[in-house]
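The following questions and answers examine one protein chain. Please consider them with the sequence and the coordinates at hand.

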Amino acid sequence: MPVDILVGTQWGDEGKGKLIDVLTRDVDVVVRFQGGNNAGHTVEIGKERYVLHLVPSGIFRKGVKCIIGNGLVVDPVALVEEMKGLEERGVDTNQIELSNRAQMIFIYHKMADRLSEAGAKTKIGTTGRGIGPAYTDKMRRIGIRAIELKHPERLAELFRTECAKYNKLFAAAGAETVDVEAELAKVLAAAEKLAPRVCDTVYSLNAAIKANKKVLFEGAQGALLDIDHGTYPFVTSSNTISGGACTGGGVSPRAIRDIWGVIKAYTTRVGEGPFPTELFDASGENLRQRGREFGATTGRPRRCGWFDAVAARYACMVNGINKLAVTKLDVLDDLKQIAVCVGYRINGEVTDEFPASAAELEAAEPVLEYLPGWECDTTGATSYAQLPENAKKYLARMAELVDSSIGIVSVGPRRDQTFSAE
Ligand code: GDP
Ligand code: IMO
Ligand code: MG
């Protein structure tokens, strides 16, 4: 029953796509379990660079089944575009299964997302993909699930009904309304392409587990964007932590073996919200440039800062991480000295606990510890032994501070820039 989960332990973009691609070398099934096309997972294979939004990052491995689970919110038009883009580049998309229980995102969700951001006093800085409104509809029990892609007449009726409701709200707000029939035509075209991929993935996944197939869950976003455990309200609308894999895939917690936490050697964040170790000076710009820290989904420059061990330890705790995959160590290669946040000073008091309130976190000043840099190129390293001593010490300190152990180290975007630390 080898079922593992891989999740992000920061504010997303830790390098999950790369790690999933590497780990699926010997996996049979990869499963996305939450989020939607707010995710942007980059996989580099040779000279090719792919950015995946809904398609699981196991797609580049022949014979690997790629499940889009029941916990997602799926924009059917965007999924078809993504699949077409992959097919044009010679990638086989027949390995994809879409859960009949997954919720769907439609144009009105995207419009509502953008409208609410435009009018909000406290902006979240969403990706504008309609994620929040689609999960809201799910919880209000008025969402439309992927099963309807197999029933075009029913789908059309549901779509028209929901559009009419949303159009009333849009009109009342003086906003643009949905051109219902034009949008419906796009949805029905997508339905035709996706219908053969829609199935009961809960059964197929559990059958695979029973048959002793290797299954890997692919988290999107990161623990600090989790709807319960993140920096609420500056979060996404799903449970991004490992616990979400069971509900978002339809699998028992008893099936889970290892929980991988992908962790950057520093910290980034896209969108609004508190970020205690954020750097506003040249060192932040240096991380952004060296790490190519620009959003894979929206292209926005990512905010950059030092490694925050308080936040990461909290993330490891709520996820139950037993293996860390440290990424982007190479981005720190040129630094003389590297800072790590080991505590927060909030209203004069020092704590090593991650506060529940965004206001408190906003007030937190990082307590920094300085470690010597290694000032040499690690991008060609192919084993842990080849790393400079100070890089090994930095990794050991990271692991100690977050109370977990390092399984993999990544020193570049490519598959071959990855090695075991065990
Ligand atoms: P994800 O959302 O967690 O899958 O991460 P993204 O793909 O949004 O962002 C990670 C970025 O870092 C991508 O451009 C990757 O190609 C790149 N990347 C991954 N691992 C490494 C690494 O070890 N070093 C460097 N320099 N880049 C990496
Ligand atoms: P991956 O899977 C980084 C952020 C947005 C915003 C907040 C809410 O690539 O790591 P949403 O559109 O979800 O309602 O936006 O969450 N966000 C991400 N940040 N990586 C992601 O995904 C993200 N998905 C959402 O920037 O702050
Ligand atoms: Mg990303």
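Rings of Phe, Tyr and Trp (its six-membered ring) pair if their centres lie within 6.5 Å; planes under 30 degrees apart count as stacked, over 60 as edge-to-face and the rest as tilted. The model is predicted, so that local features need pLDDT of at least 70 and side-chain atom pairs count only at pLDDT 80 or more, while totals for chains, interfaces and linings use all residues. Residues are numbered from 1 along each chain as its sequence is written, and side-chain values use heavy atoms, with hydrogens and water left out.

Q: How many aromatic pairs does the structure hold?
A: By the ring criterion given above, pairing rests on ring centres within 6.5 Å. The count for the structure is eleven aromatic pairs.

Q: Why does the pair of Y108 and Y166 count as stacked?
A: Y108 is buried at a relative accessible area of 1%, and Y166 is buried at 9%. The ring centres of Y108 and Y166 are 4.5 Å apart, and the pair is stacked because the planes stand at 25 degrees.

Q: Which helices hold Y108 and Y166?
A: The two residues are 58 residues apart and link distant parts of the chain. Both also belong to one aromatic cluster with F106, F159 and F170. Y108 is in helix α3 (residues 107-119), and Y166 is in helix α5 (residues 152-172).

Q: Which residues does A195 touch, not counting residues up to four places away in sequence?
A: A195 lies in the loop between α6 (180-194) and β9 (198-199) and, at 16% relative accessibility, counts as buried. Contact means heavy atoms within 4.5 Å. With sequence neighbours up to four places away set aside, A195 touches L149 and K150.

Q: Which residues does V331 touch, not counting residues up to four places away in sequence?
A: V331 is in the loop between β15 (323-327) and β16 (337-346) and is buried, with a relative accessible area of 1%. The C-alpha atoms of V331 and G69 are separated by 34 Å. With residues up to four places away left out, V331 touches Y266, L287, R290 and G291.

Q: What radius of gyration does the chain have?
A: The radius is taken over C-alpha atoms, and the globule rule is 2.2 Å times the number of residues to the power 0.38. For 422 residues, a compact globule would have a radius near 22 Å, and the value for the chain agrees: 21 Å.

Q: What share of the residues of the chain counts as buried?
A: The secondary structure comes to twelve helices and 20 strands. Of the 422 residues, the share that counts as buried is 58%.

Key: Chains are lettered from A and ligands numbered from 1 in the order in which they are written. Helices (H or I, at least four residues) and strands (E, at least two) are DSSP runs, numbered from the N terminus. Buried means under 20% relative accessible area, exposed over 50%, partly exposed in between (1.4 Å probe, protein chains only).
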